[in-house]
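This report looks at strand pairing and at the contacts made by aromatic rings. The model is shown here for reference.

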Amino acid sequence: QVQLVESGGGLVQAGGSLRLSCAASGGTFSSYAMGWFRQAPGKEREFVGAIYWSGSITRYGDSVKGRFTISRDNAKKSVYLQMNSLKPEDTAVYYCAARRGSVRTSVGEYTYWGQGTQVTVSS
């Protein structure tokens, strides 16, 4: 069983930056691919980015490519999402997720989820 706790969300102006963190406990963190997803009110949960257990492979959703960067520190059992050039449409609850094996982009392919952290971008 893996527990995930996100942090780092908040209110930021458009064009600003935020860094989200996700701390894992339980399980063997380095066995898991980690993903970030987001969900805005009234919308489906959307893939943001994911990283392979070694960090050697990353994937991003089209809406965040070039602005967001995912990274991980297996020694600290943590994954990060650096968000730059934020836009009002980035406003959402951001979730961290884990799955064994390779990087995937679908919600249903992740086994463990955190509770989420709110990111609000003002115009």
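In this predicted model, strand E3, residues 18–25, and strand E8, residues 78–83, run antiparallel to one another and are paired over six bridges. Within this pairing, Leu18 is placed opposite Met83 of E8. Both strands belong to an open sheet of four strands, ordered E1-E3-E8-E7 and paired in the antiparallel sense. Its edges are formed by strand E1 (3–7) and strand E7 (68–73), each of which pairs on one side only. On average, and with direction ignored, neighbouring strands of this sheet are turned by 15 degrees against each other.

Turning to the aromatic rings, the count comes to seven aromatic pairs. One of them joins Phe37 and Trp113 in a tilted arrangement, with 5.0 Å from centre to centre and 55 degrees between the planes. Because Phe37 lies in strand E4 (residues 32–39) and Trp113 in strand E10 (residues 112–113), this pair ties together parts that are 76 residues apart in sequence. Phe37 is buried, with a relative accessible area of 0%, whereas Trp113, with a relative accessible area of 23%, is partly exposed. Ring pairs also link Phe37 and Trp113 with Phe47, Tyr95 and Tyr110 into a cluster.

Arginine side chains lie over the faces of two tyrosine rings, as listed here.

| Arginine | Ring | Distance from the ring centre |
|---|---|---|
| Arg19 | Tyr80 | 4.0 Å |
| Arg45 | Tyr95 | 3.7 Å |

Tyr95, whose face lies under Arg45, is also a member of the aromatic cluster that contains Phe37.

Methods: Residues numbered from 1 in each chain as written. Predicted model: local features only at pLDDT ≥ 70, side-chain atom pairs only at ≥ 80, totals over all residues. Heavy atoms only, no water. Pairing = 2+ DSSP bridges. Helix = DSSP H or I, 4+ residues; strand = E, 2+ residues; numbered from the N terminus. Axes fitted to C-alpha atoms, helices over the stretch in contact; angles between N-to-C directions. Phe/Tyr/Trp six-rings, centres within 6.5 Å; stacked < 30°, edge-to-face > 60°. Buried < 20%, exposed > 50% of the residue type's maximum accessible area, 1.4 Å probe, protein only. Lys NZ or Arg CZ within 6 Å of the ring centre and 35° of its normal.
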